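Hi,

Here is the structure I promised to send over. Have a look at it first, and then read my notes below.

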Amino acid sequence: MECDTLLLHARIADVFRYRLFEGWIAIRDGRFITVEAGSPPPGIRATETLDLAGRIVVPGLIDSHLHIESSLLTPRRFAEAVLPFGTTTILSDPHEVGNVAGERGVKWMIAASQDLPLRIYHSIPSCVPATSPDIEWTHEVFDAATIRRLARQPSVIALGEVMDYRGLLGPNQRLRAIVRAARENKLLIEGHIPTLAGIELSQYLAHGISSDHTLTFAAKIQEQISKGLAVMLQTKSVTPENVATVAQLPDRSQIILITDDIEPSLLTDGHLSRIVALAIESGMPPLEAIAAASIRPARYLGLRDHGAIAPGFLADFLVMDDITAFPPAQVFVGGELVAGAGAMTAPITRESPAQPDYPGLPGSFTAGDFKLDSNGGGGSVRAQVVALQNKHSTLTKLEQTTVSLQNGHVQFQDDDGLALASVIARDESSRTVGLIANTGLQQGAWASSVAHDCHNLLVIGRSPEAMAQAANAVHAMGGGVAVATRGGLEASLRLPYFGLLSDEPVAAVAAGLEAVEDAMRRIGAHQTRPFLTFSIMSLSVSPYAKFTDKGIVDTESRQLIRPFYPAD
């Protein structure tokens, strides 16, 4: 027998039977051709022989639900960041770029992901916009015809998370047609189910939904497993309580570990490896955690030759000194060494393609653009307030308060916990100014063109003057994030690709974001993940109230609410 690579004295991770066994592996043309216990017989001719001296061979990790854009990196820079930590395959949902640049933006993400050592598959964004054009502005509105065209693109295997769960249950015929088109094209259909249960959950799943990755708990896991869903656990759901619930299931093959959104500052220390390590720490057996990040997502995605050390499978594997020790000693994709000891063996030289045309960012601004009453009124108004419920999540609730105005500007009190939030459509056709509570801000402002999922310009602050400075900084950079006080710009991060991404290495982008978050904390932001929390304040499907360019949206009723009205 001839092979390209022969691995000797390996301890092989069997993700089908959750065991390690001593053996040898032969690789040819990028695939495993022999995986056996013991030692190889005589007569095997190999171009390269590696003696692993008892080290462990583990399948490459597969992240079956994520958004590359959350890393603020272009696909090639994302690949450089995650490969050294053992992620070898991903399913990317580019709905951030889709909302900014439409169909051409999705095609750009697909093109930018080709010919990289990271295997990147794609889902087509289902929710562009996340809800509907009457609730928020986006550059394009995706319909069933869009799905049919994009389904023909290389590496497309799924329809991205159907976030507008109320719309699918209700009157959104455009979304129903999108889901039907996905089924007709044999695409996997991903779900987004933060609140549905019982009959409503069943009705939603009847459209062909296959998974949920939102925040979960024991009863939710049990119901969703019983109804045939793949239950995806991201960081916030990997808890000892949930892991104990999973351990009681007789069949755990539908439990999968994923990242979803992960900022560049976290990528410097790991990727899916972080979730695997957290699952083990929370009580999941190590080999099962590896299986939940390899063979299980492969089977969920329909990638029958991914995710295991077995004959005929792609030779994507990690060499590890200990099954719980990341980064791996070596990372192989298609039998080729691509990373080792936490670093790429060579930089990715392929450049990111040129961007298509897409709407720029609004500007410039003055303090007058952030009046609660644009008519410049005084006296008191009754205002709706989007209130963050705690420091650790993006859950909000609607409250009401009375505020005083002077020349249209809110007169804040030192202890009122309030700030202004404004969303301005990229084409400047519409804008909202309203009140947000419990951000922690004491002064200054934050502005960002990363504003889930519409990615219109989002500005949050206590000072209209600082809000104008921060917004103008984002405009001048051609996209990015900025923090300002009345004294000037405190920190900024330029994101020139669609106002969402940087083509700089992850370490540089992480340092820039860290500077922005440090500045956010200096002006009072107290969230565990302040950048992510603030950026989700425009996510129109995130419970229970958020801002759009057209007003405040009650995300359960899908109703727009006026931010303020005259006091009685």
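Which residue takes a positive phi in the hairpin of strand 16 and strand 17? That would be Ala-341, with phi near 55 degrees, in a hairpin that has 2 residues between the strands.

The model is predicted, so local features need pLDDT of at least 70 and side-chain atom pairs count only at pLDDT 80 or more, while totals for chains, interfaces and linings use all residues. Residues are numbered from 1 along each chain as its sequence is written, and side-chain values use heavy atoms, with hydrogens and water left out.

Helices (H or I, at least four residues) and strands (E, at least two) are DSSP runs numbered from the N terminus, and two strands pair if DSSP finds at least two bridges between them. Strand 16 (residues 336-340) runs antiparallel to strand 15 (residues 330-333), joined by 4 bridges. Phe-332 sits opposite Leu-337 of strand 16. The hairpin of these two strands also has 2 residues between them, and there Gly-334 has the positive phi, near 60 degrees. On to strand 17: 2 bridges join strand 16 to it, again antiparallel, and Ala-339 has Met-344 of strand 17 as its bridge partner.

Strand 27 pairs with strand 28 (residues 551-554) over 4 bridges, with Ala-545 partnered by Asp-554 in strand 28.

**Helix 6**

Which residues of helix 6 (residues 198-205) are buried? They are Leu-201, Tyr-204 and Leu-205, where buried means under 20% relative accessible area, exposed over 50% and partly exposed in between (1.4 Å probe, protein chains only). Looking down the axis of helix 6, the buried residues fall within an arc of 95 degrees, so they line one face; the arc is taken from the directions from the helix axis to the C-beta atoms.

**Salt bridges**

The count comes to 24 salt bridges, each a side-chain nitrogen of Lys or Arg within 4 Å of a carboxyl oxygen of Asp or Glu. The one I'd look at is Arg-76 with Asp-503, whose closest N and O atoms are 2.9 Å apart. Arg-76 is in helix 1 (residues 75-82) and Asp-503 in the loop between strand 26 (488-494) and helix 14 (506-522), so the pair ties together parts 427 residues apart in sequence. Arg-76 is buried at 9% relative accessibility, and Asp-503 is buried at 16%.

Arg-431 and Asp-369 also meet in a salt bridge, at 3.4 Å from N to O. This pair links strand 22 (residues 431-437), which holds Arg-431, to the loop between strand 17 (343-344) and strand 18 (379-388), which holds Asp-369, 62 residues apart. Arg-431 is partly exposed at 35%, and so is Asp-369 at 25%.

Arg-19 and Asp-14 form another, with N and O 2.8 Å apart; Arg-19 is partly exposed at 30%, whereas Asp-14 is buried at 9%. There is a network too, linking Glu-103, Lys-107 and Arg-149.

**Aromatic pairs**

The whole structure has 9 aromatic pairs. Rings of Phe, Tyr and Trp (its six-membered ring) pair if their centres lie within 6.5 Å, and planes under 30 degrees apart count as stacked, over 60 as edge-to-face and the rest as tilted. Phe-16 and Phe-313 are edge-to-face, at 6.4 Å centre to centre and 75 degrees between the planes. Phe-16 is partly exposed at 43%, while Phe-313 is buried at 10%.

Finally, Trp-108, Tyr-358, Tyr-497 and Phe-498 form one aromatic cluster.

Cheers
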